[in-house]
Amino acid sequence: MLRPERNGSSKLTWKVLVMDKFTVKIMSSACKMSEITQEGISLVEVITKHRQPMTSMEAIYFIQPTQENITTFLSDMTGKSPLYKRAFVFFSSPVSRSLVNLIKKDMRAMKRIGGLKEMNLEYISMDVQGFITNNENALEELFSDEENHQNADDCLNVVAKRIATVLASLREYPLVRYRSAKALDATTMTTYRELIPTKLAASVWNCLARYKQTIEDFPQTETCELLILDRSIDQIAPLIHEWTYDAMCHDLLNMEGNKYTHEVQSKTGDKPEKKEVLLDEQDPIWVELRDVHIADASERLHEKMTNFVSKNKAAQLKHSSKDFGDLSSKDLQKMVHALPQYSEQMDKLSLHVEIARTINKTIMEQGLRDLGQLEQDLVFGDAGRKDVIKFLSTNHIINHESKLRLMMIVAGIYPKKFEGEKGRKMMELAKLTGDDIIAVNNMRLLGPVQTESKKSTTGSFPLKFDVLKKKRAARIDRVGETQTWQLSRFYPIVEELVEKLSKGHLPKQEFPCMNEPKPTFYSGSQSPSSSPVLPHSRRTPTWARRHLSDDGYFSDSVLGRASSGLKRKGQRIFVFIVGGATRSELRVCHKLTEKLDREVILGSSSFLDPKTFLSKMKRLNEEEEISLDDIII
């Protein structure tokens with residue numbers, strides 16, 4: 001896209017890159033500013049902002065195909081003084097015929113258009129195995145009690161279009177599976193919420209059907225599997241304290257996405273300065289530690305720091321008792337040669353040591369170990385209401401947010417415990433506020449329910465969950481899985497579903513197919529050791545894991561061992577969770593990729609940390625405020 005006319009030539013022609021707010025996010029998730037500059041982009045502009053004319057330069061437009069964007073583009077390229085000499089227009093998703101005709105009608109603009117193309121890039125990559133469609137309000141729009149479902153339908157259509165662009169950009173044509181709606185009995189009506197995966201699967205399928213006809217080299221037979229779920233598949237995953245390094249960082253630190261802000265000593269020696277760092281795949285230590293238990297991460301970091309100091313010449317000399325005056329010229333030369341690498345690696349190690357120390361301190365101060373034990377006992381059916389009451393009565397150091405999360409976990413697993421007086425007393429003991437009680441009550445919206453009466457204002461929990469769901473609520477310990485570390489029993493439901501899908505054991509009654517696969521789709525056994533080999537299963541370097549090694553001390557990385565992603569034989573498995581996904585669900589996709597020898601990619605409308613999920617649950621049924629500006633007379 002950034003080199004529309006170069007055709008392999010090394011000659012650069014400097015251009016302006018014009019994007020909208022969403023495509024800026026897409027571009028930012030894919031490449032750095034320095035990489036864009038290397039491709040001949042001298043300036044990046046936002047289409048909605050006022051821009052200075054650059055009549056001697058060509059422009060590349062990477063925009064969503066909306067009426068507003070196209071009207072602005074046509075305005076840019078016409079009039080007395082067009083902004084740019086010529087424009088190459090790339091749309092992030094398929095453009096409608098009516099908008100194409102709008103462009104064609106404007107002959108002045110047509111003379112200045114160097115090309116029009118659909119890029120099918122309308123998603124944000126979170127890491128090599130995770131993406132979002134950037135529908136931040138999907139949970140509220142899809143799971144509220146509103147009778148008018150127009151907003152929900154619009155949301156699902158946008159999500160479906162963006163999922164389809166992921167598959168189009170990777171040239172993958174999936175066998176589409178989805179969780180079906182389940183009624184309690186013949187007299188129970190299926191709710192809109194229960195139909196969310198069905199509707200989304202149908203919409204994705206419609207998009208893919210168009211792609212088969214319009215995209216060159218798009219596969220005509222199934223090359224991968226796509227499993228469509230929603231947030232109700234696992235109510236506990238967004239709430240429980242997950243004990244891996246990645247999850248703890250996003251739970252206990254004030255991070256903005258992948259951005260972490262910490263204090264460093266200023267060069268002048270004055271007050272400490274705030275520094276922003278990204279915890280992402282450019283950081284090898286992060287890649288290695290993100291999916292391991294916090295205790296394991298702390299131990300590894302201690303070992304790394306010890307080994308680093310013992311092997312690095314500059315570190316040795318700095319930590320030795322020698323004065324600079326006592327150093328030989330040979331020692332000084334070794335130190336100077338080691339300094340740049342020493343400084344960079346030391347900064348990275350020190351950063352993660354500081355993060356781990358902060359997390360461990362917070363765990364101690366907030367009494368999270370005891371809370372974590374109770375949460376996991378509840379999930380696996382080893383604790384009940386009495387244990388929760390005893391914990392709340394005797395533990396006085398856990399904070400308010402942790403108490404709310406605990407109440408919501410109990411409400412999700414044992415809803416009958418929250419009916420009437422029992423629930424009211426438990427919430428009183430936890431000292432929940434009115435907003436908190438709303439969040440607890442809204443847990444009923446994330447599962448098949450049959451309400452007995454209208455919502456009570458006394459804070460009771462007046463509903464009955466699906467009886468079958470109640471039996472499945474307490475997870476069963478995984479067979480063959482050993483827990484080296486405490487509090488690592490918990491696993492998201494997604495892990496179980498993906499394993500069953502890979503083995504061909506996912507029940508078709510509960511998870512039907514939109515399209516029945518051709519007989520050649522499954523070749524032989526569906527066991528992990530003999531995944532089907534398909535000619536159309538693409539392996540692109542941009543999506544594969546890179547080998548991480550920097551003087552050997554990252555060689556024990558899980559991703560390092562899995563760096564042979566390009567050579568994988570099995571088809572990809574895509575899992576999409578509408579309504580938000582969690583760090584633990586991304587973790588199991590990393591884990592299962594290695595275990596199943598199939599690349600497992602997780603997609604969602606957004607990624608949820610516990611604080612975000614709580615705030616969404618509190619406002620799930622808030623009535624939207626209408627301003628006077630919204631009223632059309």
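Colleague: How many bridges join S3 to S4, and which way do the two strands run?

Modeller: This is a predicted model, and in it 7 bridges join strand S3 (residues 54-63) to strand S4 (residues 84-91). The two strands run parallel.

Colleague: Which residues face each other there, say for Ile60 and Tyr61?

Modeller: Ile60 has Phe88 of S4 as its bridge partner, and Tyr61 stands opposite Val89 in S4.

Colleague: What about the other neighbour, S1? How many bridges join it to S3?

Modeller: There are 5 bridges between S1 and S3, and these strands run parallel. Val16 has Ala59 of S3 as its bridge partner, while Val18 stands opposite Tyr61 in S3.

Colleague: Is S3 enclosed or open to the outside, and why?

Modeller: S3 is largely enclosed by the rest of the structure, because 7 of its 10 residues are buried.

Colleague: And S1, how many of its residues are buried?

Modeller: In S1, 5 of the 5 residues are buried, so the strand is mostly covered. Lys15, Leu17 and Met19 point one way, Val16 and Val18 the other way, and all are buried.

Colleague: Nice. What is the strand order of the whole sheet?

Modeller: The order is S2-S1-S3-S4-S5, an open sheet of 5 strands with parallel pairing. Strand S2 (41-46) and strand S5 (113-118) are the edges, each pairing on one side only. On average, neighbouring strands are turned by 20° against each other, direction ignored.

Colleague: How does S2 pair with S1?

Modeller: S1 and S2 pair in the parallel sense, over 5 bridges. Leu17, one of the buried residues of S1, stands opposite Val44 in S2.

Colleague: Which strands does H1 touch?

Modeller: H1 packs on this sheet and touches strand S1 (15-19), S2 and S3. The direction of H1 makes about 115° with that of S1.

Colleague: And where does H3 lie?

Modeller: Helix H3 (residues 67-77) lies across S3, S4 and S5, and it runs at about 160° to S4.

Colleague: What does Ala30 touch, leaving out residues up to four places away in sequence?

Modeller: Ala30 touches Glu35 and Ser125 on that count. The C-alpha atoms of Ala30 and Met126 are separated by 9.2 Å, with the two residues 96 apart along the chain.

Colleague: Changing topic: what is the order in the sheet of 6 strands?

Modeller: That open sheet runs S6-S7-S15-S14-S9-S8, and its pairing is mixed. Strand S6 (124-127) and strand S8 (174-178) are the edge strands, each pairing on one side only. Neighbouring strands here are turned by 20° against each other on average, direction ignored.

Colleague: How many bridges join S9 to S14?

Modeller: There are 6 bridges between strand S9 (residues 224-230) and strand S14 (residues 573-578), which run parallel. Asp230 stands opposite Val578 in S14.

Colleague: Which strands does H7 touch on that sheet?

Modeller: Helix H7 (residues 150-169) touches strand S7 (130-132), S8, S9 and S14. The direction of H7 makes about 160° with that of S14.

Colleague: And H22, where does it lie?

Modeller: H22 lies across S6, S7, S14 and strand S15 (600-604), running at about 165° to S15.

Colleague: At what angle do H20 and H22 cross?

Modeller: The axes of helix H20 (residues 493-503) and helix H22 (residues 583-596) come within 10 Å and cross at roughly 30°. The two helices are therefore roughly parallel to each other, and their crossing is right-handed.

Colleague: Which residues make that contact?

Modeller: From H20 there are Val494, Glu495, Val498, Glu499 and Ser502. H22 brings Glu585, Val588, Lys591, Leu592, Lys595 and Leu596.

Colleague: How do the residues of the H20 contact with H22 divide by type?

Modeller: They divide into 5 nonpolar, 1 polar and 5 charged.

Technical notes: Residues numbered from 1 in each chain as written. Predicted model: local features only at pLDDT ≥ 70, side-chain atom pairs only at ≥ 80, totals over all residues. Heavy atoms only, no water. Axes fitted to C-alpha atoms, helices over the stretch in contact; angles between N-to-C directions. Helix = DSSP H or I, 4+ residues; strand = E, 2+ residues; numbered from the N terminus. Parallel < 35°, antiparallel > 145°, perpendicular 65-115°, else oblique. Left-handed = near helix turned anticlockwise from the far one by under 90°. Contact = heavy atoms within 4.5 Å. Nonpolar A, V, L, I, M, F, W, Y, C, P; charged D, E, K, R; others polar. Pairing = 2+ DSSP bridges. Buried < 20%, exposed > 50% of the residue type's maximum accessible area, 1.4 Å probe, protein only.
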